[in-house]
Amino acid sequence: MAVCARLCGVGQSRRCRRRQRQNQQDQGSDSEMDEDEEERIVGHRQADVGVGGGCGGLESDVPTAGPSDACEYGSGHANCVSCLDRTSTGPPHPQSLADLPPELLVEILSLLPGTALPNVALVCKKFKQIANTETIWRRRCTEEFGMKEDLQKMEVGGVSSRDLYVKRVNPRVKSGRFMKLLPDYEHMDYRDIYTHLLHPYRHILGLWQPDIGPYGGLLNVVVDGLFIIGWMYLPPHDPRVEDPMRRRPLFRIHMLEREKATVECMYGHKGPHKGDIQTVKKDEFSTKCNQTDHHRMPGGRQEEFRTWLEEEWGRTLEEIFHEHMQELILMKFIYTSQYDNCLTYRRIYLPPFMPSDLLQPGLFKGTYGSHGLEIVMLSFHETSARATKLTGDPNVPAGQLTLDVDLSRPMVLPDLEQQRNIEELSRLVLGVHEQVQREAQEQQAMSNSATTRGAAEGACGGDCAAEGAEADGCRPAFSNTNNPPEAQPFVLPLGVMARNEVYPRTCRKCFYGTGLIAGHGFTSPERTPGLFVLFDEDHFGFIWLELKSFSLYSRLTDQLAHAHAPNMERFEAMLHIMQSWTS
């Protein structure tokens with residue numbers, strides 16, 4: 001109501017009241033003139049009805065009552081409608097948008113994107129006033145960027161986020177008194193937030209992978225209250241794969257003063273400090289810390305390492321007895337701490353879901369032996385399922401295809417007693433692996449010449465017809481032509497190492513697949529056969545036969561904003577670029 005009153009010119013000043021009285025007098029004189037005009041038109045209309053039998057009589061040769069008749073220049077049904085409109089006592093119909101009531105204009109303009117509102121404001125003074133309405137800009141901030149906070153509540157609540165780094169308040173001495181270093185929300189409006197914060201930094205919203213050598217990472221930049229915050233997602237402490245993800249803010253952007261957005265680095269333990277963000281190119285940006293001394297601790301590198309180890313692994317170095325794991329942990333600390341939050345980020349997407357997919361694609365956290373828990377992205381590509389690393393290690397870095405599952409080669413597990421025998425499982429999986437290699441060699445040979453290809457296809461067809469799904473036929477030796485049961489008993493073979501002693505004891509389906517292994521520094525990479533085990537919608541596993549180890553994967557349940565791929569082609573192109581980063 002206050003907005004409408006302001007736009008309609010209603011106020012409490014003496015000048016406004018004088019203007020209202022003059023308008024009322026003018027409206028009184030106009031109403032008298034309207035009554036005289038209406039009587040004259042009604043008289044003419046009655047005369048026309050008597051002579052021509054209503055508006056329809058205007059089509060005859062009988063002259064009309066006079067030039068003031070509204071039906072003089074029309075004919076037929078249109079004339080009747082025109083006569084009724086002119087003699088109606090209701091409000092006049094608006095001829096343009098400017099004639100609409102202010103509340104309707106506010107509703108209409110609030111449907112436009114925020115980038116179009118400045119052009120609308122150039123039309124006229126009335127549109128300029130309405131385009132500056134807080135209701136419109138608040139709706140744009142909410143619908144385009146998901147901002148849910150109220151500027152009026154910021155004066156009481158301070159800041160909106162529930163985390164320590166966002167709520168932190170630093171005292172500053174000014175004129176001998178302490179003041180809170182918080183944005184002055186009282187003098188801000190939603191237009192300032194949209195124009196100087198949300199719209200300029202809209203390109204960095206979404207999911208990103210930092211360039212930290214082989215280790216990678218997962219960053220989600222979102223609108224959180226009146227801040228744009230970059231959250232780094234970290235896996236839970238090894239080996240608790242079922243625990244929720246941990247997250248830590250790396251930077252934030254907010255309106256410290258009107259018409260200017262401030263970038264702050266959140267790395268370290270001394271609170272927010274000056275930072276900078278630069279857009280390198282499309283789908284890539286970099287962050288820089290201008291006060292790296294805030295990252296240092298009084299106890300030097302030893303205290304920094306102990307603090308990092310407690311946050312990263314949830315334990316002390318004395319509690320880690322494995323010497324190789326100690327070396328890997330120390331190597332990661334030395335490598336990652338040298339960046340000081342001066343990183344380059346590249347955009348990544350979540351895989352799109354197709355109705356034919358085996359399960360919902362997405363992000364999973366899994367166990368990788370001495371390297372701890374890592375994050376992988378599961379996606380489906382026709383007859384194959386692929387798991388790509390988002391976080392990596394010195395052996396297989398981030399961005400590489402860690403698992404490649406052939407969905408056209410399902411496998412039915414034997415009974416529990418045979419499942420406990422690693423040799424029996426190896427025989428089944430290696431049999432399929434050898435057959436895959438043979439078929440690959442045959443396809444390579446068939447592609448050399450058309451004659452060889454035709455002969456090979458004929459021989460393969462004869463074998464398939466004669467032997468069905470035998471080991472030497474065209475079909476996979478251990479594929480299951482019938483649908484496997486919904487739940488199969490499952491147990492790990494003896495001798496297979498698992499970081500998690502608690503794992504599902506029933507599975508839905510099993511498939512042949514390969515996993516990527518390599519030496520330190522990603523040397524001599526090769527794909528080794530294994531067994532992909534689907535437990536349910538949120539869990540799957542992989543048995544590495546050569547390593548005699550088992551990896552359990554659990555789905556990330558965090559809601560990641562602005563992260564879905566526009567289409568499958570864009571997602572596959574992103575996967576190809578990711579692998580080139582660390583190849």
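This is a predicted model: local features need pLDDT of at least 70, side-chain atom pairs count only at pLDDT 80 or more; totals for chains, interfaces and linings use all residues.

Q: Which residues lie nearest the centre of the second largest pocket?
A: This pocket has a volume of about 670 Å³, and 28 residues line it. Elements giving two or more residues to the lining are α12, β16 (497-498), β18 (509-519) and β21 (549-555). Nearest the centre lie Y368, G369, S370, H371 and S549.

Q: What is the volume of the largest pocket?
A: The lining of the largest pocket comprises 50 residues, with L234, R248, W308, E312 and T336 nearest the centre. By class, the lining divides into 22 nonpolar, 15 polar and 13 charged residues. The space in this pocket is about 1,000 Å³.

Q: Which element gives the most residues to the lining of the largest pocket?
A: Two or more lining residues come from each of β5 (227-234), β6 (246-257), α11 (300-313), α12 (323-337) and β12 (373-381). The top contribution is seven residues, and the element that gives them is α11.

Q: Which residues have the most contacts inside the largest nonpolar core?
A: In soluble globular proteins, nonpolar side chains tend to be buried together. Here the largest nonpolar core has 40 residues, and helix α10 (residues 190-198) supplies the largest share of this core, five residues. Those with the most contacts inside the core are I228 and I253.

Q: Why is C507 not counted in a disulfide?
A: A disulfide needs two cysteine sulfur atoms within 2.5 Å. For C507, the nearest cysteine sulfur belongs to C510. C507 is therefore in no disulfide, as that sulfur is 3.9 Å away.

Q: How many disulfides does the protein have?
A: C507 is in no disulfide. By the distance rule, the count of disulfides comes to zero.

Q: Is C507 buried or exposed?
A: A residue is buried when its relative accessible area is under 20%. C507 has 1% relative accessibility, whereas C124 has 28% and counts as partly exposed. C507 therefore counts as buried.

Q: Which residue is joined to D238 by a cis peptide bond?
A: D238 is in the loop between β5 and β6, and P239 lies in the loop between β5 and β6 too. The omega of the bond is about 5°. The residue joined to D238 by this cis bond is P239.

Q: What is the relative accessible area of D238?
A: D238 touches W313, R315, G372, L373 and R499, not counting residues up to four places away in sequence. D238 is buried because its relative accessible area is 5%.

Q: What is the phi of N341?
A: N341 sits in the loop between α12 and β10 (344-348). N341 is buried, with a relative accessible area of 6%. Its phi is positive although N341 is not a glycine, with a value near 65°.

Q: What is the phi of H562?
A: The loop between β21 and α16 (568-582) holds H562. H562 counts as partly exposed, with 37% relative accessibility. H562 is not a glycine, yet its phi is positive, at about 55°.

Q: How far apart in space are K282 and R346, C-alpha to C-alpha?
A: K282 lies in the loop between β8 (273-281) and β9 (284-289) and counts as exposed at 68% relative accessibility. In sequence, K282 and R346 are 64 residues apart. Their C-alpha to C-alpha distance is 9.1 Å.

Q: What share of the residues in the protein is buried?
A: The secondary structure comes to 16 helices and 21 strands. Of the contacts with a separation of 6 or more, 59% are between residues 24 or more positions apart. The protein has 583 residues, and the buried share is 43%.

How values were computed: Residues are numbered from 1 along each chain as its sequence is written. Side-chain values use heavy atoms; hydrogens and water are left out. On a 1 Å grid over the protein atoms alone, a cavity is a set of points where a 1.4 Å probe fits but cannot get out, and a pocket is an open set with protein on both sides within 12 Å along at least five of seven lines; lining residues have an atom within 4 Å of a point. Grid points are joined across faces, edges and corners, and a volume is the space filled by probe spheres set on the points. Helices (H or I, at least four residues) and strands (E, at least two) are DSSP runs, numbered from the N terminus. Ala, Val, Leu, Ile, Met, Phe, Trp, Tyr, Cys and Pro count as nonpolar, Asp, Glu, Lys and Arg as charged, and the others, Gly among them, as polar. A nonpolar core is a set of buried Ala, Val, Leu, Ile, Met, Phe, Trp, Tyr and Cys residues joined through side-chain atoms within 4.5 Å. Buried means under 20% relative accessible area, exposed over 50%, partly exposed in between (1.4 Å probe, protein chains only). Contact means heavy atoms within 4.5 Å.
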